[in-house]
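Here's a quick briefing to read alongside the model. Have the viewer open and click along as you go.

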Amino acid sequence: EAMKSNNKIVGNLGEDMAAEYLEKHGYMIFKRNYRNRYGEVDIIAIKDEFLVFVEVKARKNRMFGNPQDAVDDEKIRHIVDVSDGFMREMNWSDITVRFDIVEIVFDENYINHIENAFYSYR
């Protein structure tokens, strides 16, 4: 249980850092922790002509590999489903969607923004 709450703290801190990083790089944060019946997306941001769905992966260290490796096919499917639901909810169809990952490794003070990390195959 202590481990769970620790992960939550790391996750929340990571999301704050990612949001700050994105804003510094010209993104407007539109929503954080958006949730619908398909799941949750950490950050929804807007930059240029893109609506960007951002998955944040924060880790203390690389003991269990690179943070981005945690974004597997099932996670991608969830994010794509959430984004589709969001687009329907907002009634937006003419905006270009992109999927990014921001990975953070605290012990290394490492932050990496991966644009177009994966695609929606619909």
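This is a predicted model: local features need pLDDT of at least 70, side-chain atom pairs count only at pLDDT 80 or more; totals for chains, interfaces and linings use all residues.

**Strand β3 and its partners**

- Strand β2 (residues 39-47) and β3 run antiparallel and are joined by five bridges. If you want a spot to look at, Ala45 stands opposite Val52 in β3.
- The hairpin of β2 and β3 has two residues between the strands, and Asp48 there takes a positive phi near 50 degrees.
- With β4, the arrangement is parallel: 10 bridges join that strand to β3. Val52 turns up again here, standing opposite Arg98 in β4.
- Together, β3, α2 and β4 make up a β-α-β unit that is right-handed.
- β3 is mostly covered, with eight of its 10 residues buried.

**The aromatic rings**

- A pair of aromatic rings is described by two things, the distance of the centres and the angle of the planes.
- How many aromatic pairs are there? The count comes to seven.
- One of them is Phe30 with Phe86, an edge-to-face pair at 6.2 Å centre to centre and 80 degrees between the planes. This pair links distant parts of the chain, since Phe30 is in strand β1 (residues 28-36) and Phe86 is in helix α2 (residues 73-90), 56 residues apart.
- Trp92 has a relative accessible area of 27%, so it is partly exposed.
- Zooming out, ring pairs link Phe30, Tyr34, Phe53, Phe86, Trp92, Phe99 and Phe118 into a cluster.

**Charges over rings**

- Arg62 has its charged end over the ring of Tyr110, 4.5 Å from the ring centre.
- Arg98 does likewise with Phe50, its charged end sitting over that ring at 5.0 Å from the centre.

- Glu55 is in strand β3 (residues 50-59). Why does Glu55 count as buried? Its relative accessibility is 3%, and the cut-off for buried is under 20%.
- The Glu55 side chain makes a polar contact with the side chain of Lys57, at 3.2 Å.
- Leaving out residues up to four places away in sequence, Glu55 touches Asp42, Val71, Lys75, Ile79, Asp100, Ile101 and Val102.
- Asn36 belongs to strand β1. With 18% relative accessible area, Asn36 is buried too, because the limit is under 20%.
- A polar atom of the Asn36 side chain lies 2.9 Å from the backbone nitrogen of Tyr38.
- Beyond its neighbours within four places in sequence, Asn36 is in contact with Val82, Gly85 and Phe86.

Terms used:
Residues are numbered from 1 along each chain as its sequence is written. Side-chain values use heavy atoms; hydrogens and water are left out. Helices (H or I, at least four residues) and strands (E, at least two) are DSSP runs, numbered from the N terminus. Buried means under 20% relative accessible area, exposed over 50%, partly exposed in between (1.4 Å probe, protein chains only). A polar contact is a pair of N or O atoms within 3.5 Å; within protein, one must be able to donate a hydrogen and the other to accept it, and residues adjacent in sequence count only if both atoms are side-chain atoms. Contact means heavy atoms within 4.5 Å. Rings of Phe, Tyr and Trp (its six-membered ring) pair if their centres lie within 6.5 Å; planes under 30 degrees apart count as stacked, over 60 as edge-to-face and the rest as tilted. A charge sits over a ring if NZ of Lys or CZ of Arg is within 6 Å of the ring centre and within 35 degrees of the ring normal. Two strands pair if DSSP finds at least two bridges between them. A crossover is right-handed if, with the strands pointing away from the viewer, the path from the first strand over the helix to the second runs clockwise.
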